[in-house]
Amino acid sequence: MLDGLADPPTPSLAGRTAVVTGGYRGLGLAFARALAQAGADVVIGARDEGASRAAARLLAEETGRRVVGTALDVTRREDAERAVATAVEATGRLDVLVNNAGVCYHRPALEVPDEEFDSVFDINVKGVWLMSQVAARHFTTAGGGTIVNIGSISGQIVNRPQWQPAYNASKAAVHQLTKSLAAEWAPFGIRVNAVAPGYVRTEMAPVDEPRFRSRWIDDAPMRRAAEPEEIAPLVVFLASDASSFMTGSVVVADGGYTLF
Ligand code: NDP
């Protein structure tokens, strides 16, 4: 121990509770698992209640943490309130919200129906808004908390070869909402940050399809997509005290994709 230098905080979540939206598959499952491995109890919520419960059971067995699966549609305020209540009832607390749930449709702008545009904004933006507001109301009574929003490089660049105008705009909104809430809620001890991943192998991003290879893979400096578990440590870091001086940041993890 050097004189005058305190030990830095480690990315531990021991004794904390996290809610992960859309946490039963893809990136959300990797986040839920990494949070539990870092010591957190976790609530997984998505529209598919059975899948959420099944994933929770497996994670609880693997990590020894309390992991609960519940039905959650992030576009419904009553669902958001129930998810927060579930965390508090099951574990006595809520410290971390990971806004991971999201949808993406590939379609040229001239052909996007109103319902599809509305659905993308309802889930990707209003869902983040509702969950954040409900969780933050709890955090203000509990001395603080952290929110990690899952944005995207699509909030900064326009993807090719597929067109996804609503998704791109929704993720730009997530990044700006992150900054807005971070500024407003810092006095309450609430930190709000975002992760902006590049292409990650999940159901949403079919990274192995040959028609996407030239733009998604060959255009990237590292010439590959990520696996979900490569993004998860960043979420644990941003959720934990190890990132205690960070708020309003949008951290890109894209294998260098946005360098070109
Ligand atoms: P997936 O499609 O694999 O998973 C999405 C999850 O969100 C599912 O569990 C789904 O469950 C849930 N979800 C969708 N709508 C709702 C809703 N209304 N309420 C609650 N849960 C919902 O996607 P990914 O794992 O790839 O994506 C996770 C996040 O990462 C998204 O925000 C995405 O935009 C972002 N991202 C992904 C990238 C990638 O390359 N894969 C790159 C950059 C960002 P259910 O349908 O049962 O509700």
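This report covers the cores, pockets and cavities of one predicted model.

## Basis

Local features in this predicted model need pLDDT of at least 70, and side-chain atom pairs count only at pLDDT 80 or more, while totals for chains, interfaces and linings use all residues. Residues are numbered from 1 along each chain as its sequence is written, and side-chain values use heavy atoms, with hydrogens and water left out.

## Nonpolar cores

The largest nonpolar core has 32 residues. A nonpolar core is a set of buried Ala, Val, Leu, Ile, Met, Phe, Trp, Tyr and Cys residues joined through side-chain atoms within 4.5 Å; buried means under 20% relative accessible area (1.4 Å probe, protein chains only). F31, L35, V42 and V98 have the most contacts inside this core. Several elements each supply at least two of its residues, including β1 (17–21), β4 (96–99) and α7 (232–239). The largest share, seven residues, comes from α1. Helices (H or I, at least four residues) and strands (E, at least two) are DSSP runs, numbered from the N terminus.

V98 touches V19, V20, T21, F31, L35, V148, I150 and V235, leaving aside residues up to four places away in sequence. Contact here means heavy atoms within 4.5 Å. Another core, of 30 residues, lies apart from the largest one. Among its members are A101, A136, I147 and V192.

## Pockets

The largest pocket holds about 800 Å³ of space. On a 1 Å grid over the protein atoms alone, a pocket is an open set of points with protein on both sides within 12 Å along at least five of seven lines, and a cavity is a set where a 1.4 Å probe fits but cannot get out; lining residues have an atom within 4 Å of a point. Grid points are joined across faces, edges and corners, and a volume is the space filled by probe spheres set on the points. Of 39 lining residues, N100, A101, G102, V103 and M204 are the closest to the centre of the largest pocket. The lining divides into 18 nonpolar, 15 polar and six charged residues. Ala, Val, Leu, Ile, Met, Phe, Trp, Tyr, Cys and Pro count as nonpolar, Asp, Glu, Lys and Arg as charged, and the others, Gly among them, as polar.

The second largest pocket has about 200 Å³ of space. R16, D95, G144, G145 and T146 are the closest to its centre, out of 15 lining residues.

## Cavities

Three cavities reach 30 Å³ or more. α4 (114–142) and α5 (165–185) each supply at least two lining residues.

Technical notes
Buried means under 20% relative accessible area, exposed over 50%, partly exposed in between (1.4 Å probe, protein chains only).
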